[in-house]
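Welcome, and thanks for taking a look at this one with us.

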Amino acid sequence: MRRCAAILLMLLASSAQADDAAIGFVKTLAGHATVTRAGTAKPIEVAMPLYTRDRVETAKDGEVGITFRDDTRISLGPDSELELPSFVFKPADKQYGFVLRLVFGTMQYLSGLTAKLAPDAMSIETPTATIAVRGTRFLVRAEK
C-alpha cells in the first residue's frame, strides 16, 4: 500500500512539473485537432497544456484557440499545422524568445507580452517568409 501511495505521489509530482513547463493552453476547440508530442499524436482537448516542440494540426473541420503564458493568443483555422519550436518567457530575468512556425493553413495572431517587452525576440515563420512582430494583430495564410 505504501509503495502504491509513493508511486502515485511521484506521478502527481511529475504531472505538476510538466504543467509548470507548459508554454500555453488550448482555450477553444471546434471540430477535430491533434497535438503531436515526442512523435505521438493525440486528440486536442480544451485546457490541454502545450509544450515547446509540440505540433498542432487541425482537420478540415477543426479550429483551435491557444493562449500562451505571455498572453499571446492565436487561432488556427481549418486544415492548418503549427509548430512550437521555441518559447522563453522569464520577465524577472529579462529573458524572452518566442517562435511560431506556421507550416500551412491560416492563423490569427494577437501579440502578448513578449512582442511588447522584447519585440526582437518574437517571430512567426512561414514556408516563404519570417514575420518580425512588433506588437500587433494580424491574419496569415500559408499554402501547403
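How many helices and strands does the protein chain have? The answer is two helices and 12 strands, where helices (H or I, at least four residues) and strands (E, at least two) are DSSP runs numbered from the N terminus.

## The model and its overall layout

This is a predicted model, in which local features need pLDDT of at least 70 and side-chain atom pairs count only at pLDDT 80 or more, while totals for chains, interfaces and linings use all residues. Residues are numbered from 1 along each chain as its sequence is written, and side-chain values use heavy atoms, with hydrogens and water left out. The mean pLDDT (the predictor's confidence in each residue, from 0 to 100) of the protein chain is 87, and 84% of the residues reach 70 or more. Please treat residues 1-19 with care: their pLDDT is below 50, and beyond near neighbours in sequence this stretch has four contacts in the model, a contact being heavy atoms within 4.5 Å.

Along the sequence, the pattern reads α-β-β-β-β-β-β-β-β-β-α-β-β-β. Of the 144 residues in the protein chain, 38% are buried; buried means under 20% relative accessible area, exposed over 50%, and partly exposed in between (1.4 Å probe, protein chains only). Among contacts with a separation of 6 or more, 50% are between residues 24 or more positions apart. The protein chain exposes about 8400 Å², by the Shrake-Rupley method with a 1.4 Å probe, where for residues only the protein chains shown count as cover.

Let us start with strand 2 (33-37). Four bridges join strand 2 to strand 5 (residues 55-58) in the antiparallel sense; two strands pair if DSSP finds at least two bridges between them. Here Val35 stands opposite Val56. Strand 2 also runs antiparallel to strand 3 (residues 40-43), again with four bridges, and Thr34 has Pro43 as its bridge partner. The hairpin of strand 2 and strand 3 has two residues between the strands, and Ala38 takes a positive phi near 55° there.

Further along, strand 9 (residues 95-110) pairs with strand 10 (residues 122-125) in the parallel sense over four bridges. Val99 has Ser123 in strand 10 as its bridge partner. Ser123 is buried at 17% relative accessibility, and, not counting residues up to four places away in sequence, Ser123 touches Phe98, Val99, Leu100, Thr130 and Ile131. Strand 10 in turn runs antiparallel to strand 11 (residues 130-132), with three bridges, and a hairpin of four residues joins the two. Glu125 stands opposite Thr130 in this arrangement.

## The nonpolar core

The largest nonpolar core has 28 residues; such a core is a set of buried Ala, Val, Leu, Ile, Met, Phe, Trp, Tyr and Cys residues joined through side-chain atoms within 4.5 Å. The members that touch the most other members are Ile44, Phe68, Ile74, Leu100, Met107 and Tyr109. Strands giving two or more residues include strand 6 (63-68), strand 7 (73-76) and strand 12 (137-142), while strand 9 gives the most, with five.

Ile74, in strand 7, has a relative accessible area of 3% and is buried. Leaving aside neighbours within four places in sequence, its contacts include Val64, Phe68, Leu100, Met107 and Tyr109. Ile74 and Val64 are 10 residues apart in sequence and 8.2 Å apart in space, C-alpha to C-alpha.

## Aromatic pairs

Rings of Phe, Tyr and Trp (its six-membered ring) pair if their centres lie within 6.5 Å; planes under 30 degrees apart count as stacked, over 60 as edge-to-face and the rest as tilted. By this rule there are six aromatic pairs. One of them, Phe87 with Phe98, is edge-to-face, at 4.8 Å centre to centre and 85° between the planes. This pair links strand 8 (residues 81-90) to strand 9, with the two residues 11 apart. Phe87 is buried at 9% relative accessible area, and Phe98 is buried at 1%.

Phe89 and Tyr96 form a tilted pair, 5.9 Å centre to centre with 55° between the planes, and Phe89 is buried at 11%. Ring pairs link Phe68, Phe87, Phe89, Tyr96 and Phe98 into a cluster.
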